[in-house]
Amino acid sequence: MEEVDHLAHERSKAQFDVESMKIVWAGSRHAYELSDRISRLVASDPAFRKDYRTTLSRKELFRNTLRKAAYAWKRIIELRLSEEEASKLRFYVDEPAFTDLHWGMFVPAIKGQGTDEQQKKWLPLAYKMQIIGCYAQTELGHGSNVQGLETTATFDPQSDEFIIHSPTLTSSKWWPGGLGKISTHAVVYARLITDGQDHGVHGFIVQLRSLDNHSPLPGITVGDIGMKFGNGAYNTMDNGVLRFDHVRIPRDQMLMRVSQVTREGKYMQSKVPRQLVYGTMVFVRQQIVADASCALSRAVCIATRYSAIRRQFGSQNGGLETQVIDYKTQQNRLFPLLASAYAFRFVGEWLNWLYRDVTQRLQANDFSTLPEAHACTAGLKSLTTSVTADGIEECRKLCGGHGYLCSSGLPELFAVYVPACTYEGDNVVLLLQVARFLIKTVSQLGSGKQPVGTTAYMGRVEHLMQCRCGVQSAEDWLNPSIILEAFEARAARMSVACANNISKFANPEEGFLELSADLVEAAIAHCQLIVISKFIEKLQQDIPGNGVKQQLEILCNIYALFLLHKQLGDFLSTGCITPKQASLANDQLRSLYSQVRPNAIALVDAFDYTDHFLGSVLGRYDGNVYPKLYEEAWKDPLNDSNVPVGFQEYIRPMLKQQLRTARL
């Protein structure tokens, strides 16, 4: 039977070159071609099927994940894939697994914190997967407060060993992915103690399981922490619990690039600056921002395609009902999320540049931009993951009742994504770190020290505290310099107001705690400004492709004006704009929605996601939703028989009024 493209009419309306937009989204022609090739390689291989994942028991699900991970590694070796290609293959397999932590945390920790000798010893084993590692930092009692970790590593000068120990129940390592059942080794974070002195938290390479029979080594208690939120979802990952009972490791298994313990037990700093560890943190957080744009764009792709297929109400004289995507209420909820996906993509690209810039500076012993880079990546990790988690859930609601089905792909996408709001820094804690940096920046303004990077606008604080927005017509809101100044003025005024209020307290720390809710709002304002400014900077580049730049300009304006509308209280209370100007912004926003409408399907096609990767009946490329939904329903194990298991024991006695004699 010939396949029909139910969205062909929508695609024909596009006012831009979709192929060129795919390259812009991917970041370069090379990135697009590599991504496209690997995603199709995965999609065409039945070994990577995932449509039955949500109906499997935990044990079956986990075994299936192990099979896929082993098969993926086999294909990587057979096809001689580069590191970049292998990473993309794991991404498109689209299943959380122990390999994520091995490649994403264990290997970078050894690279970033191990000496040259340690790297020579451990990395070849890790690269060949002759050992499998995880990152054991978080404990039952401490997550965000890393300095509060309780696991100890006490040096024994007699044997030249560290004794790793879990002194309390709350010192149990809790949550590390890959730890529960698979990892053979871990980078364990513990309090370093020499000669009774506590030197704070350091990293140690510890073997957990035998390389022969995989059983835990003496003194080690390890297991899985149990089922997590959602069907399928993150339950493919063996998040673990780990306790140490006086486990001894050689002294040279402390990661010693930054600090070391000598044979005599003397603790000393190496010549390598401590700040180097921040480079790894910037790398991990920029990766999280890039992942946010991927997850949000997946949800938006599903919701946009389904909104164009679904029709409800509005039939005239027995004609077709109205496409749901044509309702302004749907557009007002959907199109800002589409714009956010593109905005996060571009700020992620910029963060990638920032990481390379910071790395070069660190190698040249230039630490001047580090505090700003650290604050900026912390804030953007928080902002993008929170918006993405909420955005996926909004996309589920935008798909009505069918969005609640596992076959829509949205419940599992949400369940897999939502822990990103907590791992690698709780989102509120991170915003408070940003706020601390902003207050410090404000306090130094009079000292002649010029703010740098994303806080450079604070250098114009006197102008920003008194400037008035010049908007007189709705079209004025399309001027990027007007948008930028409004967001700069809002961010500056909120930070200055917080700094002034803190200065009224005798103890600034007390003021910080008391005003923390306001400080979080100021940090959000600063982070939203960064995203908008990087989107505007992107548009100042040469962007090839017919109509591509115009579409991106529309999306940039939607992103900015929707935020202005949503955060209107900030803009009005700080006097950045007038109520009349706010009303004009709203008029312009409605007009922008109408401009995006004919291009909506083409804009999500530009993400270039295969149906396999999307994993959604509602988001199918061909829009053939209803027959496939019907087909999918019959695949559920409950439909294996007409009479369900349990009918004879429980329901029949009820129907026959024989419950008294039934064995319940």
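A: Happy to. Let's begin with H6, which sits in the segment before α1 (8-12); helices (H or I, at least four residues) and strands (E, at least two) are DSSP runs, numbered from the N terminus. This is a predicted model, in which local features need pLDDT of at least 70 and side-chain atom pairs count only at pLDDT 80 or more, while totals for chains, interfaces and linings use all residues. Residues are numbered from 1 along each chain as its sequence is written, and side-chain values use heavy atoms, with hydrogens and water left out.

H6 counts as partly exposed because its relative accessibility is 41%; buried means under 20% relative accessible area, exposed over 50%, and partly exposed in between (1.4 Å probe, protein chains only). Leaving aside residues up to four places away in sequence, H6 touches I309, D622, G623 and N624, where a contact means heavy atoms within 4.5 Å. E83, in turn, is 77 residues from H6 along the chain, and the C-alpha atoms of the two are separated by 38 Å.

Now for the wider setting. Among contacts in the chain between residues at least 6 apart in sequence, 73% join residues at least 24 apart. Of the 664 residues, 53% count as buried. The radius of gyration is 27 Å, which agrees with the value near 26 Å that a compact globule of 664 residues would have; this radius is taken over C-alpha atoms, and the globule rule is 2.2 Å times the number of residues to the power 0.38. Along its principal axes, the C-alpha trace spans about 90 × 80 × 60 Å.

The chain has 23 helices and 11 strands. Two strands pair if DSSP finds at least two bridges between them. Strand β5 (residues 185-194) and β6 pair in the antiparallel sense over nine bridges, with I193 standing opposite D198 in β6. These two strands form a hairpin with two residues between them, and D195 in the turn has a positive phi of about 50°. Strand β6 (residues 197-207) is mostly covered, with eight of its 11 residues buried.

There is also an open sheet of three strands, in the order β4-β8-β7 with antiparallel pairing. Its edge strands are β4 (173-174) and β7 (220-224), each pairing on one side only. β4 joins strand β8 (residues 240-244) through two antiparallel bridges, and K173 has L242 of β8 as its bridge partner.
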